[in-house]
There are 2 protein chains.
Amino acid sequence: MAADASDPARPPLPASPHAAGAHRGGRRHAGRPTMKDVAAQAGVGLKTVSRVVNGEAGVSQDTEQRVQEAITSLGFRRNDSARVLRKGTTASIGLVLEDLADPFYSPLSRAVEEVARAHGALLINGSSAEDPEREQELALALCARRVDGLVIVPASDDHRYLAPEIAAGVATVFVDRPPGRIAADLVLSDNFEGAREGVAHLVAHGHRRIGYIGDRPGIHTAEERLRGYRAAMAEAGLPVAESWVAPGRTDADRVRSDAVRMLEGGRGGEPVTAFFSGNNRVTVTLVRVLAAPERRERPVALVGFDDFELADLLSPPVTVVAQDPADLGRSAAELLFRRLDGADDEPRTVSRPTTLIVRGSGEIPPSG
Amino acid sequence: MAADASDPARPPLPASPHAAGAHRGGRRHAGRPTMKDVAAQAGVGLKTVSRVVNGEAGVSQDTEQRVQEAITSLGFRRNDSARVLRKGTTASIGLVLEDLADPFYSPLSRAVEEVARAHGALLINGSSAEDPEREQELALALCARRVDGLVIVPASDDHRYLAPEIAAGVATVFVDRPPGRIAADLVLSDNFEGAREGVAHLVAHGHRRIGYIGDRPGIHTAEERLRGYRAAMAEAGLPVAESWVAPGRTDADRVRSDAVRMLEGGRGGEPVTAFFSGNNRVTVTLVRVLAAPERRERPVALVGFDDFELADLLSPPVTVVAQDPADLGRSAAELLFRRLDGADDEPRTVSRPTTLIVRGSGEIPPSG
DNA sequence: CCGTGATCTGACAACGTTGTCCAGACCTGC
DNA sequence: GCAGGTCTGGACAACGTTGTCAGATCACGG
């Protein structure tokens with residue numbers, strides 16, 4: 001009786017609220033009429049109901065109407081689990097990303113959803129919170145639900161755990177960051193080139209001491225952007241003091257303290273006159289730091305990777321290297337459905353260009 | 001053969017890429033090993049595999065190990081559809097909202113996801129794009145998938161279509177806007193009181209001609225906020241010229257033109273000296289309008305409903321009536337799981353307070 | 001009136017899992 | 001050595017749907 005509830009090992013949902021009451025005897029359990037019930041009510045066979053529900057041909061007007069009436073009167077709704085079990089296809093795809101609430105990822109997610117919808121599929125998504133274990137847990141849970149395909153923004157650098165799934169036919173596309181130790185379709189922004197262009201823009205405006213604050217090494221996009229920074233500096237023949245380079249977590253405190261350090265020229269390096277920021281969150285924190293009253297007399301230039309809302313309304317408006325997250329999502333989803341439609345060729349990598357949007361903060365000349 | 005593909009009426013996914021090849025005869029279809037396969041490989045019975053997979057007691061160390069090996073060697077993963085079919089519970093909940101990419105809703109969605117995760121459930125979500133038909137389509141698709149519960153941000157004003165589902169035991173909670181023609185749990189911000197407070201704040205700073213630009217009537221939150229606006233004006237004994245009240249779509253063009261009209265005092269009303277904005281999107285457009293160079297000499301006050309990122313960095317920083325979307329989502333999800341845990345009492349309505357955040361734009365005195 | 005299709009309908013067996021129930025194997029203590 | 005118990009393992013029947021296939025019914029021409 002209480003066996004199920006008393007087993008502490010089992011995580012999932014508590015027993016259905018109804019399970020306790022009717023023990024599937026006596027009065028018919030209140031929940032969910034089935035096709036069988038509909039068939040009985042309409043006085044037809046089971047399969048006929050199935051036909052009506054699925055709009056298959058070969059049912060007379062008259063019968064169809066009787067069945068429809070039974071359906072609405074009973075409030076029947078087809079059980080898709082059973083359907084999936086029988087058909088082997090779920091018409092749903094999974095999306096695993098870092099944080100659904102991140103303004104960079106939410107348009108990506110929305111774009112995937114739109115493409116899925118256009119293909120008659122539902123989207124199930126989950127946030128990995130940048131935790132490799134959670135990514136795996138989520139991706140495998142989605143596979144257990146037999147999603148037809150998977151779009152993943154990796155949080156881990158080893159995706160071998162997906163090999164059996166892919167072999168079993170789950171189409172898989174990675175986006176924003178490459179998969180680890182596995183070959184699969186991939187959609188990326190051109191992070192290296194974007195960063196190079198952004199930093200070159202600062203150089204072109206006369207800056208020689210440029211600070212880089214970005215995400216942790218180990219995150220592919222962060223590495224590429226840092227590489228772009230170094231390339232631009234090298235091309236301009238500028239030295240890079242190691243105190244100007246600060247990859248790490250992107251929380252406000254860390255970014256703020258590194259920024260202040262660079263502005264004050266601690267640890268041997270001379271003070272920077274411009275920042276190149278590795279992403280969204282960093283940019284916003286830098287804007288706050290630079291907007292502080294005591295900084296206003298010596299304005300510091302800033303170019304950020306990733307566009308963000310209202311960037312144009314700040315003073316100064318923020319120059320950015322923009323990616324198009326919706327475009328990334330759309331491309332990834334399209335790649336996915338291409339696979340689902342049977343494409344069987346080599347995994348391909350799609351690279352999307354970035355756009356430098358000049359607004360003001362990147363054109364401030366060096367001071368001091 | 002081609003029957004399925006040729007039927008134009010059927011929307012779902014194209015036939016599985018594999019279905020075509022092996023016709024489940026001859027060589028065993030490559031996809032997906034089942035528990036039966038694992039049992040065969042390990043030389044044990046079917047149920048024993050099930051026991052191992054579910055961590056049930058009553059399997060010897062030795063056998064368990066053999067089974068585990070077979071599982072990894074075959075790359076087996078339990079088919080949750082079959083499990084759901086058998087158990088009747090999916091450990092997943094659905095969320096239908098307006099737009100996943102909206103900065104107001106994405107934290108809400110994320111909060112629901114976190115609560116779901118804490119209860120071992122997965123979240124499936126979809127965007128209704130403010131289209132009642134699409135809301136229904138989505139909600140019913142989720143029900144067909146037998147989600148255990150549903151969180152809905154309504155786009156329609158008639159939810160009778162959900163009655164059979166609720167009767168069948170799908171826990172349902174509405175959030176942000178009330179359900180139509182149906183009783184259900186509900187989580188709301190106190191829109192009326194928030195708007196009243198925001199407008200009163202403008203009045204307290206000397207404004208007598210205040211414009212309201214908000215969302216369409218018919219949207220509950222918009223109506224409440226407009227009601228709050230009128231109440232605050234009435235309390236202060238101020239008349240409201242109808243040209244100061246502009247509910248409608250929230251696209252930039254509409255908002256801009258209405259704002260300009262009010263600022264110039266067209267249609268008989270005198271020009272307004274302050275705006276109360278009905279939501280996020282409207283506020284941002286108003287900020288743009290007011291930031292135009294030609295407006296700067298005669299600053300106009302602004303209080304917006306909904307907080308938004310960087311509001312504090314604009315000049316002037318924007319005073320807002322803030323809701324906490326994550327809190328709304330969390331409350332709704334908790335209400336949902338309360339039901340799933342068996343709570344069977346009357347539907348309840350939870351009202352969450354709003355917070356006036358004073359930043360500057362709302363404290364500008366009337367000019368002219 | 002019968003044969004011949006064409007149309008409509010229903011029985012039945014899957015799909016892969018889990019709950020029930022029973023049968024052995026293996027102990028323990030007398 | 002044996003009765004009584006505890007482990008362990010497996011056969012079998014659901015769960016609700018869909019594909020197959022064969023049976024019923026009907027219209028129509030011969």
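I began with the largest nonpolar core: it holds 86 residues, and A:Phe275, A:Phe276, B:Phe275 and B:Phe276 touch the most other members. By nonpolar core I mean a set of buried Ala, Val, Leu, Ile, Met, Phe, Trp, Tyr and Cys residues joined through side-chain atoms within 4.5 Å. Buried is under 20% relative accessible area, exposed over 50%, and partly exposed in between (1.4 Å probe, protein chains only). I then noted a second, separate core of 37 residues, which includes A:Ala139, A:Leu150, A:Ile152 and B:Val96.

This is a predicted model: local features need pLDDT of at least 70, side-chain atom pairs count only at pLDDT 80 or more, and totals for chains, interfaces and linings use all residues. Residues are numbered from 1 along each chain as its sequence is written, chains are lettered from A and ligands numbered from 1 in the order in which they are written, and side-chain values use heavy atoms, with hydrogens and water left out.

**B:Phe276**

I listed its contacts (heavy atoms within 4.5 Å). Leaving out residues up to four places away in sequence, B:Phe276 touches, among others, B:Ala195, B:Leu202, B:Tyr212, B:Phe305 and B:Val321.

**B:Glu165**

I found B:Glu165 in helix 8 of chain B, residues 163-167. Helices here are DSSP runs (H or I, at least four residues), strands likewise (E, at least two), numbered from the N terminus. Is B:Glu165 buried or exposed? B:Glu165 is buried, at a relative accessible area of 0%. With residues up to four places away in sequence not counted, B:Glu165 touches A:Arg32 and A:Arg77 from chain A, and B:Leu140, B:Cys143 and B:Val170 from chain B.

**DNA strand C**

I counted a residue as near the strand if one of its heavy atoms lies within 4 Å of it. DNA strand C is surrounded by 25 residues, the closest being A:Gly45, A:Thr48, A:Thr63, B:Met35 and B:Arg86.

A polar side-chain atom of A:Thr63 sits 2.2 Å from a phosphate oxygen of DNA strand C.

How values were computed. Polar contact = N/O pair within 3.5 Å; in protein donor to acceptor, adjacent residues only side chain to side chain.
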